[in-house]
Amino acid sequence: MSEINLSNNSLGKIGPGRYDAADMSGVIAISNAIPTMGALTTLNLSRNGLGPECAKHVAEAIKVNVSALRFN
């Protein structure tokens, strides 16, 4: 798999319109899988309401192959 588009999936949302105390389970699952995807070149997580804690998990995960990634 080289491209993942998870845009507009409410990954950081805990309820209607609420991102203030995000449910991080989806982000953690994706973050755990990213390092195993050596061919990953595109990761789109736009419009998910990811806060700072979610972003930290994703940032740690992409350190493995960040040179190949394009961000949308």
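## The nonpolar core

A nonpolar core here is a set of buried Ala, Val, Leu, Ile, Met, Phe, Trp, Tyr and Cys residues joined through side-chain atoms within 4.5 Å. Keep in mind that we're looking at a predicted model. Its largest nonpolar core has 14 residues, and the members that touch the most others are Ile34, Leu43 and Val58. Helices H1 and H2 each put in at least two residues, with H2 giving the most, at 4 residues. As a bit of background, nonpolar side chains tend to be buried together in soluble globular proteins.

Take Ile34 on its own for a moment. Leaving out residues up to four places away in sequence, Ile34 touches Leu40, Leu43, Ala61 and Ile62.

## How H1 and H2 pack

H1 covers residues 25-33 and H2 covers residues 52-62. Their axes come within 8 Å and cross at roughly 10 degrees. Angles under 35 degrees count as roughly parallel, so that's the label this pair gets.

Who makes the contact? On the H1 side there are Val27, Ile28 and Ser31, while H2 brings Cys54, His57, Val58 and Ala61. Sorted by class, that's 5 nonpolar and 2 polar residues, with no charged ones. Val58 turns up again here: part of the H1–H2 contact, and also one of the core members touching the most others.

## Over at Glu3

Glu3 sits in strand S1, which spans residues 3-5. Is Glu3 buried or exposed? Its relative accessibility is 51%, so Glu3 counts as exposed, the cut-off being over 50%.

Glu3 and Leu43 are 40 residues apart along the chain, yet their C-alpha atoms are separated by 6.1 Å.

Conventions
Residues are numbered from 1 along each chain as its sequence is written. This is a predicted model: local features need pLDDT of at least 70, side-chain atom pairs count only at pLDDT 80 or more; totals for chains, interfaces and linings use all residues. Side-chain values use heavy atoms; hydrogens and water are left out. Axes are lines fitted to C-alpha atoms, for helices over the stretch in contact, and angles run from 0 to 180 degrees between N-to-C directions. Angles under 35 degrees count as roughly parallel, over 145 as roughly antiparallel, 65 to 115 as roughly perpendicular and the rest as oblique. Contact means heavy atoms within 4.5 Å. Ala, Val, Leu, Ile, Met, Phe, Trp, Tyr, Cys and Pro count as nonpolar, Asp, Glu, Lys and Arg as charged, and the others, Gly among them, as polar. Buried means under 20% relative accessible area, exposed over 50%, partly exposed in between (1.4 Å probe, protein chains only).
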